[in-house]
Amino acid sequence: MISTEPGSDLLTALRIAHPEWRPLLALIEAARWEIERPEWRGSVPSIPSPSPGPEPLLSGTVLAVASRPIERWVHRVLVTAAGAGPDAPFVDAATARRIDPRSLLQAAVAQDEEHLDGLSRTVGDTHGVLAALAPLLAMPLLHACRRAWAASVPATWPHGYCPTCGAWPTLAEIRGLDGGRHLRCRRCGGDWVTEWLRCPFCGERDHAQLGSLVSAGRLERDKIEVCDRCHGYIKTTMTFAPIPPEQVVLQDLATVVLDVAAVERDYRPPQPRGPVAARIVAGRPGLRAFLSRAFEVGVV
């Protein structure tokens with residue numbers, strides 16, 4: 001298990017422990033930098049009064065994003081993936097350019113598996129690489145949504161999926177001295193409170209159907225919570241403070257040994273819930289975003 005103590009440089013630790021992951025870690029690092037770019041923040045509309053109900057805030061939203069940041073970000077991800085090595089299971093960079101960037105980002109943000117499958121067939125991606133890259137592709141825009149809509153997230157959210165983007169959680173935190181249970185989303189960094197004795201995926205509350213997998217002979221800070229009704233599982237870690245939103249994806253990777261242990265015992269991560277009704281349309285870069293970029297490069 002990779003050390004995940006607060007303040008540790010988790011990205012560096014993962015690079016040292018798993019040199020074979022360096023192409024993936026390079027993409028994650030790029031996504032963490034991309035999250036801070038102003039173009040994405042300026043693309044998110046406000047949500048003054050979200051209607052109560054089971055749909056995440058992303059559902060029904062129209063996001064107006066300029067073409068340039070989409071093309072730049074999608075191209076960077078695909079070229080990095082294509083250059084992972086001679087045995088990389090993806091097509092070359094020239095073929096990757098046949099994919100429409102906005103269409104790919106739309107499918108990634110909305111978790112549209114059918115659309116992603118169609119794009120994969122178009123470029124001969126027979127290994128599901130586009131589907132694997134989708135959460136990283138969606139991160140910059142979805143983190144911007146989380147930040148913009150933080151005040152609109154319901155105080156109580158009874159569902160297992162993320163109240164912001166609708167994805168299933170990748171981690172659960174047992175947080176602080178009071179031991180509250182929080183679910184975390186790796187796509188947008190979302191954070192929401194949940195019940196202690198409840199499967200986030202199927203809602204099972206019967207303690208006879210719920211259990212934990214832990215290392216024999218010692219207490220661990222990390223464990224696996226499992227459900228024998230739906231055969232789902234979620235990795236759980238004890239923390240004093242919330243994992244920073246941009247670190248959730250790294251924490252997920254650092255605890256991959258728990259995924260292996262769960263799968264070996266016939267537990268599986270859930271399938272995506274289905275497409276979220278969100279659209280990405282062509283937008284123009286606003287003056288604020290233009291000035292922010294200009295200051296970044298020293299033009300003004």
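In this predicted model, Glu34, Arg37, Glu39 and Arg72 are joined in a network of salt bridges. The structure as a whole contains 17 salt bridges. Three further pairs are described here in turn.

The pair of arginine 15 and glutamate 29 is one of these bridges, with 2.4 Å between the closest N and O atoms. Arginine 15 belongs to helix α1, which covers residues 10–17, and glutamate 29 belongs to helix α2, which covers residues 22–34, so the bridge ties together parts that are 14 residues apart in sequence. Arginine 15 has a relative accessible area of 23% and is partly exposed. Glutamate 29 is partly exposed as well, at 29%. Both values fall between the limits for buried, under 20%, and exposed, over 50%.

A second bridge joins the side chains of glutamate 195 and arginine 205, at 2.7 Å from N to O. Both residues lie in the loop between β4 (191–193) and β5 (210–213), so this pair ties together parts that are ten residues apart in sequence. Glutamate 195 is partly exposed, with a relative accessibility of 36%. For arginine 205 the value is 44%, and this residue too counts as partly exposed.

Arginine 265 is partly exposed, at 45% relative accessible area. Glutamate 264 has a relative accessible area of 59%. The limit for exposed is over 50%, so glutamate 264 counts as exposed.

Helix α4 spans residues 67–82, and helix α8 spans residues 129–148. The two pack at an angle of about 145 degrees. Their axes are 11 Å apart. The crossing of α4 and α8 is right-handed. On the α4 side, the contact is made by Trp73, Val74, Val77, Leu78 and Ala81. On the α8 side, the partners are Leu130, Leu133, Leu136, Leu137 and Pro140. Sorted by class, this contact has ten nonpolar residues, with no polar and no charged ones.

Conventions
Residues are numbered from 1 along each chain as its sequence is written. This is a predicted model: local features need pLDDT of at least 70, side-chain atom pairs count only at pLDDT 80 or more; totals for chains, interfaces and linings use all residues. Side-chain values use heavy atoms; hydrogens and water are left out. Axes are lines fitted to C-alpha atoms, for helices over the stretch in contact, and angles run from 0 to 180 degrees between N-to-C directions. Helices (H or I, at least four residues) and strands (E, at least two) are DSSP runs, numbered from the N terminus. A crossing is left-handed if the near helix is turned anticlockwise from the far one by less than a right angle, and right-handed if clockwise. Contact means heavy atoms within 4.5 Å. Ala, Val, Leu, Ile, Met, Phe, Trp, Tyr, Cys and Pro count as nonpolar, Asp, Glu, Lys and Arg as charged, and the others, Gly among them, as polar. A salt bridge is a side-chain nitrogen of Lys or Arg within 4 Å of a carboxyl oxygen of Asp or Glu. Buried means under 20% relative accessible area, exposed over 50%, partly exposed in between (1.4 Å probe, protein chains only).
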